[in-house]
Amino acid sequence: MTRYELARDKRITISALVLEVLSMISVILLIDSILGNQLGVQTIMANHLSWTVSSAIVIVIQYILVTIEMIARYREEKRGFTLPLVFLPFGHIVRLLIMLVLEIGVVSLKLIVYFISVLIQFALLILQLHKYLGTAHLVDITDTCFEPIERFVNATYNLLYFNKIETNGNVFNAVFNGNLTFWCINH
């Protein structure tokens, strides 16, 4: 089996899905152990795992996920430099947090503009003014203004992830491909 065939195998997508679910659960257990054992805050769980056990689980799952990500990257011919942040302990979580911080502002503002434009268009439709007025220009202006920021977010994604995306696409490429499972399904 070649690397390309292995990368395209459905077992890679399924294992990425299982590992990402386990990763989320392990991060929740880590947060619970920090809150429960270190800070003394009562959480949902009565018996907290120790900090070292939770950390070990998170790190092991992280490195298995990185291995799966490196296998899956052979689906695409597009390659480039990747900052090896995920090889550090908790690097997987740091990478996710960096991308969330970059994506949240752009995505929220764009979704607000899209939602407002739909509401305005709906009001214009009710008032029978939709033939004369429209909100397409508002959406176009917003997309044009955010285009350089979206390219930066996508370029940052390509710098942090082994699985590359198109940098000239919109910011939703980085949002939906941040999950290895979604990236595998999309590619």
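The notes below take the residues one by one, after a table of accessibility. The model is predicted.

| Residue | Relative accessible area | Class |
|---|---|---|
| Met99 | 2% | buried |
| His92 | 16% | buried |
| Phe90 | 23% | partly exposed |

**Met99.** Helix α4 spans residues 91–126 and contains Met99. The relative accessible area of Met99 is 2%, so this residue falls under the 20% limit for buried. Beyond its neighbours within four places in sequence, Met99 is in contact with Val153, Thr156, Tyr157, Leu160, Tyr161 and Ala174. Gly178 sits 79 residues away from Met99 in sequence, yet the C-alpha to C-alpha separation is 8.0 Å.

**His92.** Helix α4 also holds His92. Relative accessibility here is 16%, and His92 is therefore classed as buried, the limit being under 20%. Setting aside neighbours within four places in sequence, the contacts of His92 are Ser23, Gln62, Leu65 and Val86. A polar contact of 3.4 Å links the side chain of His92 to the side chain of Arg95.

**Phe90.** Phe90 belongs to the loop between α3 (51–72) and α4. Its relative accessibility is 23%. The backbone of Phe90 deserves a check: what is its phi near? Phi of Phe90 is near 65°, a positive value in a residue other than glycine. Most residues other than glycine have a negative phi.

Definitions and conventions. Residues are numbered from 1 along each chain as its sequence is written. This is a predicted model: local features need pLDDT of at least 70, side-chain atom pairs count only at pLDDT 80 or more; totals for chains, interfaces and linings use all residues. Side-chain values use heavy atoms; hydrogens and water are left out. Helices (H or I, at least four residues) and strands (E, at least two) are DSSP runs, numbered from the N terminus. Buried means under 20% relative accessible area, exposed over 50%, partly exposed in between (1.4 Å probe, protein chains only). Contact means heavy atoms within 4.5 Å. A polar contact is a pair of N or O atoms within 3.5 Å; within protein, one must be able to donate a hydrogen and the other to accept it, and residues adjacent in sequence count only if both atoms are side-chain atoms.
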